[in-house]
Each structure stands twice: as C-alpha cells, then as structure tokens.
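Here is a short report for a first look at this structure. Keep the sequence and the 3D view side by side as you read.

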Amino acid sequence: MTAVIAGADVAVVGCGIIGLAAAERLTARGLSVVAVDESGVAAGSTGASGGLVRALDLAGRHGSWAAQGLDRYLRQGWHGTWPAVREHGSLTLVDADGLPDALAGVAAVRAAGQDAQLLSAQEISARFTDLSVPEGFIGVYEPRAGWLPVAEVATAMRRDAGPALQLVRAKATGVLTSAAGVCGVRTTEGTVRARAVLLAAGVGSAPLAASVGVRLALCTRSVSYCLFQLDQDSGSTDLPTVADATTGAWLRRWNRGRTVLAGVVSQETDVPATVRGRVSADEQRRVREVVRHRCPGLADAPAVGGVAAYDAMVVGGQGAVTDWPSPGGLVTAVGWNGNGFKLAPAVGELAADRLYEMAG
Ligand SMILES: Cc1cc2nc3c(=O)[nH]c(=O)nc-3n(C[C@H](O)[C@H](O)[C@H](O)COP(=O)(O)OP(=O)(O)OC[C@H]3O[C@@H](n4cnc5c(N)ncnc54)[C@H](O)[C@@H]3O)c2cc1C
C-alpha cells in the first residue's frame, strides 16, 4: 500500500494535448482533476507537433472532429484565450482518382459550417507562387485553416483549467480498482485517488490498461519534420499549409521569413517514444526528394533544423475515445497517428462528457 499523494474526481494520465483538452473541459464542469505525467506538460508527441489544423478529413476517419477542432481553434478556445490560428490557408492535394473523396470532403466541411473551395492545378500555381502542381491535380483549399503554436495552446489549456487542475510529475504504473470500478492510479510517487480515470498517455496507455485487463493494440509510428530555408529573394512566402494526399508530404511556413517546415508520412513503426530536436541526413534526403516536386524551391534549399519524434497509432484501427464497461470508470483516448492536435478540442470534449457521467 503506497501513500496517497493526491485525490480528485478524475485522474488523467498524460499531459499531452489530449489529456489537457479533456482536463480543461472537466474543470469547466466543476470537477477536480489530477493530471499525471512522467515528463511534464506537452513533453511527448504534442511537444513535437507541427500544429497544422484543417476541417477536411479526406479519409472520413474521425467524422466531424477535425471540423469541430478547427472551429474551436478559430474561436481561440472556450474563453477566447488560446493563441490565434495562423490563417495561412490549408491546401489538400489529390489526383484525379481522389476527386470523389475531395468532393465528399468539401461537402462535409461546408456542412460543418466551414469554407472549402476546389482549385485546379493552374489556379494553385497562379495563386501560390512557391508551389508547382501537376496538370490534373485538384486542391481543396480551406481559407481559414492553417497552424498554431502547439506549446502555447497547451499552456493556454492548462491556464484555462485553473486551480481545479493539479499536475503531478510521476510515472503511472497501474490503474487501481475496487469492487465499484476504478478508484485511482498507482504512480512512482504514490497513489492518486479518483472516481474515474482517463488514459491519454499515448503508447504508455497500453501497459496501464493491461493492468486492469484492457487490451489496447498500440504501437509507435515515426513522425518527423525538417526545416528548409527557401531562397531569400523575397522577404516572405505565400505558402499555405499543404497536405499532399498523393505523396504523404505536408508543409507549412515556419514562424517567419522564408523558412518552411516539411515532412513526409513515414511507415516506420515501433520507433522509440522519444523527441529529438534534429533529423538525420537520410531523413532530410527522404523528405526533400518528395517535397521538391510540389515546392521546387526546396530542391536545393539548405536544411536548417527539424524534429524527429513519434506518435501512437492503433494497430489495424483508428484513434478512439472508449469508455470501457469493465472496469467501470475507465476511459481511453489514444491512437491519433499524426493527427491528434487538430482533433484535440473535439476529443477532449467527448472524453470529458464520458468521464462526467462517471464522476460528476
Ligand atoms: C513531428 C510531429 C508533427 C505533428 N504534426 C501534427 C499536425 O501538424 N497536426 C496534427 O493534428 N497533429 C500533428 N501531430 C500529431 C499530434 O502531435 C499528436 O497526435 C498529439 O500530440 C498526441 O497527443 P497525446 O496527448 O495523445 O499524446 P502525447 O503528446 O504523446 O502525450 C502523452 C503523454 O503521456 C505521458 N506518459 C506516457 N506514459 C506515461 C506514464 N506511464 N505515466 C505518466 N505519463 C505518461 C508522456 O510523457 C506524454 O507527455 C504531429 C506529431 C509529431 C510527432
């Protein structure tokens, strides 16, 4: 029996964007929350995130969560206190085969109250001078989408949660149960008592769920980006955020000047759950080889930095918010596979709804 170090209505394991979004919504409903993280706030995948937000969900994996997320980010959170979306626009590229999905996506975005337009390859090249798109490609352009500084959003969520959110720096080692269901979390620093528990600890959620007989099929996938310095002929770029469904490339402007953040979806799984503030020369080559076809200036732009990290993905499935019938009081919100930031406001609200029913 370890010492009780904290108690609250709800214990949240993981202070990434998902855990914080849920914690803020729980405190807004008058519940107390203890959030446990072994590395501090936004130290996992969240701290590495590129922060791209858009309403379009081409694969339709997460219903309207991306649109809800963009709407909430545009409103600067629930109290107007989050940083503003950098509304550089979002351009999602598909080839002719992708047209039906693009049309369905545009309809879904508009149904959710956001603006989306279809652009031809010529219109894209004329409008965005750094881009070059093959004939026959189509772009879904969302003028009010863009990106956000992720660490600042995490800080704002934590601030909005106020004193009803207590942070504990410790590694969670198991979920505790009594006859009635979950009753807390065991940590390296002692026990946290709670009537409901949210596991939002990325891949770290799997062993915690297993401690009470719940199987989460999670692994890590490599997610990285490089920073490239476009030539300095002009002082800025008109580059929107770009998601190229034909190659897996994604781009956005860096904070200032003509620096561009660029990544290409990787299929490498089971990588270490670590965040490194640099990328290998091989990764720079891999990314450049793809992105130079959409942004020709990146072919010989010097690499000036980058991040090599990971995200949790569900093996053979999608990220989900799940309230488990047994043990009662356990909710998991995991498996966001490179997309968790844009979904976080919707995911956090849904998780908080479920937890409120259990602990409210
Ligand atoms: C390079 C990169 C770029 C990305 N770009 C985008 C983007 O542009 N747009 C987008 O929508 N998404 C993007 N993503 C994905 C997005 O960042 C993630 O999906 C999201 O941050 C996941 O949040 P999370 O809270 O689930 O996990 P995390 O941020 O990983 O948080 C989990 C937390 O749990 C803690 N933890 C784990 N195990 C334990 C334990 N046993 N005890 C205590 N604490 C524990 C960890 O320390 C960590 O802080 C990107 C990701 C990366 C890596």
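A residue is buried if 20 or more other C-beta atoms lie within 10 Å of its own, exposed if 12 or fewer, and partly exposed in between, with C-beta atoms placed from the backbone. The model is predicted: local features need pLDDT of at least 70, side-chain atom pairs count only at pLDDT 80 or more, and totals for chains, interfaces and linings use all residues. Numbering starts from 1 along each chain, as its sequence is written.

**Helix H3**

Helices (H or I, at least four residues) and strands (E, at least two) are DSSP runs, numbered from the N terminus. H3 is mostly covered, with seven of its ten residues buried. Those seven are Trp65, Ala66, Ala67, Gln68, Gly69, Leu70 and Tyr73. They pack against strand E3 (52-53), helix H4 (99-111) and H9. Contact here means C-beta atoms, placed from the backbone, within 7 Å.

H3 (residues 65-74) packs on H9 (residues 340-359) at an angle of about 90 degrees, and their axes are 7 Å apart. Axes are lines fitted to C-alpha atoms, for helices over the stretch in contact, and angles run from 0 to 180 degrees between N-to-C directions. H3 is therefore roughly perpendicular to H9; that term covers 65 to 115 degrees, while under 35 is roughly parallel, over 145 roughly antiparallel and the rest oblique. H3 brings Trp65, Ala66, Gln68, Gly69, Leu70, Arg72 and Tyr73 to the contact, and H9 brings Lys342, Leu343, Ala344, Pro345, Ala346 and Val347. Nine of the contact residues are nonpolar, two polar and two charged. Ala, Val, Leu, Ile, Met, Phe, Trp, Tyr, Cys and Pro count as nonpolar, Asp, Glu, Lys and Arg as charged, and the others, Gly among them, as polar.

The domain bounds come from an automatic or database domain assignment. Domain 1 covers 4-47 + 152-216 + 317-359, and domain 2 covers 218-315. Their C-alpha centres lie 30 Å apart. In the contact between them, 16 residues of domain 1 meet 14 residues of domain 2. On the domain 1 side, helix H2 (45-48) and helix H7 (205-210) each supply at least two residues. That side has five nonpolar, eleven polar and no charged residues.

Where does the ligand lie relative to the two domains? Both domains give residues to the shell around the ligand, so it lies between them. There are 39 residues around the ligand, and Gly16, Gly44, Ser49, Gly204 and Gly340 come nearest. A residue is near a molecule if its C-beta atom, placed from the backbone, lies within 6 Å of it. The shell divides into 18 nonpolar, 16 polar and five charged residues.

**Individual residues**

| Residue | Phi | C-beta neighbours inside 10 Å | Class |
|---|---|---|---|
| Gln76 | near 55 degrees | 16 | partly exposed |
| Asn337 | near 50 degrees | 21 | buried |

Gln76 sits in the loop between H3 and strand E4 (90-94). Asn337 lies in the loop between E18 and H9. A cis peptide bond joins Ser326 and Pro327, with omega about 0 degrees. Pro327 is in the loop between strand E17 (320-324) and strand E18 (330-334).

Val140 belongs to strand E6 (residues 138-142). It counts as buried because it has 26 C-beta neighbours inside 10 Å. Leaving aside neighbours within four places in sequence, Val140 is in contact with Leu56, Thr92, Ala102, Gly105, Val106, Ala116 and Leu118.

Methods. Contact = placed C-beta atoms within 7 Å.
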